[in-house]
There are 2 protein chains.
Amino acid sequence: MEEQVDLVGKAFVDHYYHLFDNDRPALSSLYQPTSMLTFEGQKIQGVDDIAAKLNQLPFDQCRHEISTIDSQPCSFTGGIVVFVSGSLQLPGEEHHLRFSQMFHLIPMLQGSFFVQNDIFRLNYG
Amino acid sequence: MEEQVDLVGKAFVDHYYHLFDNDRPALSSLYQPTSMLTFEGQKIQGVDDIAAKLNQLPFDQCRHEISTIDSQPCSFTGGIVVFVSGSLQLPGEEHHLRFSQMFHLIPMLQGSFFVQNDIFRLNYG
């Protein structure tokens, strides 16, 4: 059971950042009208506004490298919480930006999940 | 509504780290048998094992300083997800350890919450 949660968390994380780095507009498929994103302290609600925010970030290309993925089941929703740490490389920047991000995934039909809660923070040393 | 969530998240965070730094055994009051903690990748389940882990950490005294608190409601549980970044100072250590931590709080009677999900990671630069 715990292994299953880890596999789902890792598969979600791989998929999420692959889309972010290669096809950012497609990230909207992972959110719903109830979804919430807090991006560096800015609160955004609903798939449309979240997609707009992600697509309007002030860089076109980026590359995420994942350092750690911690997943836990949430028995109250049948969902999963996923906590990610990693680094983000922007074009033309030599150094990486460290970040942490958490997702609360809620199950949908046919074994898929959507992102209900998403909180992103850069880590400043 | 969002303000209420922020107030609850901040009150929880203040309470949690105050207990951690001043009366660590009392942290057990915030967990339940269903609770899960992932501490630097180690998974621990249930209030008893979580309390044992927190009380057996290899330092007696510490001091948390909180940098950011991001809270969101979870409409599927009536709960709150709280994402914290900050630093941890250990006795005799000059430099601070940066950390990130997330909590999924589930409501109980009388307006209180318990920690269902807790994930802690140190941030390595």
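Between chain A and chain B, about 2900 Å² of area is buried, and carbon and sulfur atoms give 58% of it. Buried area here is the accessible area (1.4 Å probe) that two parts lose on being put together, summed over both. On the chain A side, Lys43(A), Gln72(A) and Phe83(A) lose the most area to chain B, together 22% of what that side buries.

Before going on, a word on how to read this. The model is predicted, and local features need pLDDT of at least 70, side-chain atom pairs count only at pLDDT 80 or more, while totals for chains, interfaces and linings use all residues. Residues are numbered from 1 along each chain as its sequence is written, chains are lettered from A and ligands numbered from 1 in the order in which they are written, and side-chain values use heavy atoms, with hydrogens and water left out.

## How the two chains meet

How many residues of each chain are in contact with the other chain? The contact joins 35 residues of chain A to 35 residues of chain B, where contact means heavy atoms within 4.5 Å. Chain A can be superposed on chain B by a rotation of 180 degrees with 0.0 Å of shift along its axis, giving an RMSD of 0.0 Å. That is how a two-fold axis relates two copies. Both copies use the same surface, since 100% of the contact residues of chain A recur in chain B. The superposition is by least squares on the C-alpha atoms of residues with pLDDT of at least 70 in both copies.

There are 13 residue pairs in polar contact between chain A and chain B, both residues being at pLDDT 80 or more. A polar contact is a pair of N or O atoms within 3.5 Å; within protein, one must be able to donate a hydrogen and the other to accept it, and residues adjacent in sequence count only if both atoms are side-chain atoms. On the side of chain A that touches chain B, the elements giving two or more residues are α1 (2-22), β1 (31-39), β2 (42-45), β3 (63-74), β4 (79-89), β5 (97-107) and β6 (113-122) of chain A. Helices (H or I, at least four residues) and strands (E, at least two) are DSSP runs, numbered from the N terminus. The residues of that side divide into 12 nonpolar, 16 polar and seven charged. In this division Ala, Val, Leu, Ile, Met, Phe, Trp, Tyr, Cys and Pro count as nonpolar, Asp, Glu, Lys and Arg as charged, and the others, Gly among them, as polar.

## Salt bridges

Side chains of opposite charge can pair when their charged atoms come close. The whole structure holds six salt bridges over all chains, and four are found across the interface of chain A and chain B. The rule asks for a side-chain nitrogen of Lys or Arg within 4 Å of a carboxyl oxygen of Asp or Glu.

| Salt bridge | N to O distance |
|---|---|
| Asp6(A) and Lys43(B) | 2.9 Å |
| Asp14(A) and Lys10(A) | 2.7 Å |
| Arg121(B) and Asp70(A) | 2.7 Å |

The pair of Asp6(A) and Lys43(B) meets by side chains in a salt bridge. This pair crosses between chains, from helix α1 of chain A to strand β2 (residues 42-45) of chain B. Asp6(A) is partly exposed at 32% relative accessible area, and Lys43(B) is partly exposed at 32%. Buried means under 20% relative accessible area, exposed over 50%, and partly exposed in between (1.4 Å probe, protein chains only).

Asp14(A) and Lys10(A) both sit in helix α1 of chain A, four residues apart, about one turn of the helix. Asp14(A) is partly exposed at 39%, and Lys10(A) is partly exposed at 43%.

## Two serines

Ser112(A) is found in the loop between β5 and β6 of chain A and is partly exposed, at 33%. Its side chain reaches the backbone oxygen of Leu109(A) at 3.3 Å.

Ser35(B) belongs to strand β1 (residues 31-39) of chain B and counts as buried, at 0% relative accessibility. A polar atom of the side chain of Ser35(B) lies 2.7 Å from the backbone nitrogen of Gln32(B).
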